[in-house]
Amino acid sequence: MYHRLLRNASFWVFLFSVDEELAEAAREAGCQCGGPLHCANYPRKPRGGCENLPESYRYRLSFCCGRDGCRKRTTPRSVRFLGRKVFLGAVVVLVAAMRQGPSPRRVRELTELFGADRRTIARWCTFWCQQFPQTPFWKVARGRFAPRLAIADLPRALLEAFIQRKDSREDWKRLLQFLSPITITGGLGITGIS
Ligand SMILES: [Zn+2]
């Protein structure tokens with residue numbers, strides 16, 4: 001189910017081009033103070049992708065304001081990195097989804113496929129079913145799904161809602177762009193219980 005595409009370096013090249021578009025839009029918008037944004041990428045060592053992950057994955061696109069006295073950082077949304085998680089965003093979605101459903105994949109099999117250990121995978125499942133539903137993002141975004149997606153079915157229900165064609169990178173792009181508001185600072189802020 002779904003994972004063949006993530007083994008393919010061209011998929012990750014494609015996602016980088018999406019991140020470049022998101023970054024360019026952020027750069028054009030400039031800093032909140034009106035200053036120009038200069039390149040100030042973060043080094044990264046992501047895990048869970050294909051064997052020959054493109055070099056562009058050694059960093060996350062980010063900017064710094066060029067105006068003296070401001071120098072504020074702007075990190076655009078990403079379809080590659082899910083906040084500070086070490087594993088690539090698509091992997092964090094897919095592996096947790098593969099643990100769900102009527103015939104969940106065994107942890108051992110997923111560990112062999114993606115290199116995430118049992119504890120890491122368990123943490124992702126907790127993230128999707130407990131933390132993610134509490135984010136301001138999800139409290140608004142859930143309204144676009146009819147019928148409603150059950151929290152217990154996250155993230156599998158999201159995967160099924162977006163990925164309708166097997167191995168479609170465009171479907172993955174739509175899903176990861178949908179989730180991208182949670183990839184920036186504050187995006188995972190958790191609201192009070194409502
Ligand atoms: Zn500024």
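A cavity, on a 1 Å grid over the protein atoms alone, is a set of points where a 1.4 Å probe fits but cannot get out, and its lining residues have an atom within 4 Å of a point. I start there because the second largest cavity is lined by Asp-19, Ala-23, Arg-60, Leu-61, Pro-76, Arg-77 and Ser-78.

Some ground rules. This is a predicted model, in which local features need pLDDT of at least 70 and side-chain atom pairs count only at pLDDT 80 or more, while totals for chains, interfaces and linings use all residues. Residues are numbered from 1 along each chain as its sequence is written, and side-chain values use heavy atoms, with hydrogens and water left out.

Back to the cavities. There are two of 30 Å³ or more, a volume being the space filled by probe spheres set on the points, which are joined across faces, edges and corners. The largest cavity holds about 70 Å³. Among its lining residues are Gly-89, Val-93, Trp-128 and Leu-176. Helices H2 and H7 are the elements that give two or more residues to that lining; helices here are DSSP runs (H or I, at least four residues), strands likewise (E, at least two), numbered from the N terminus. The second largest cavity has about 30 Å³ of space.

Next, H2 itself, residues 89–98. How many of its residues are buried? The count is 10 of 10, where buried means under 20% relative accessible area, exposed over 50% and partly exposed in between, with a 1.4 Å probe and protein chains only. These buried residues pack against helices H1, H3, H4, H6 and H7, contact meaning heavy atoms within 4.5 Å.

Now the zinc ion. Its protein donors are the SG atoms of Cys-31, Cys-33, Cys-65 and Cys-70, at 2.2 to 2.3 Å. Donors are N, O and S atoms within 2.8 Å of the metal (3.2 Å for Na, K and Ca), and since water is not among the atoms, sites may look incomplete. The four donor atoms subtend angles of 105 to 111 degrees, so the arrangement is tetrahedral; for four donors that requires all angles between 85 and 135 degrees. Cys-31 lies in the loop between H1 and strand E1, and Cys-70 in the loop between strands E4 and E5, so the pair ties together parts 39 residues apart in sequence. Cys-31 is buried, at 6% relative accessible area, whereas Cys-70 is partly exposed, at 27%.

Notes:
Tetrahedral: all angles 85-135°; square planar, octahedral: opposite > 155°, others 65-115°. 1 Å grid on protein atoms, 1.4 Å probe; cavity = no way out; pocket = protein on both sides within 12 Å on 5 of 7 lines; lining within 4 Å.
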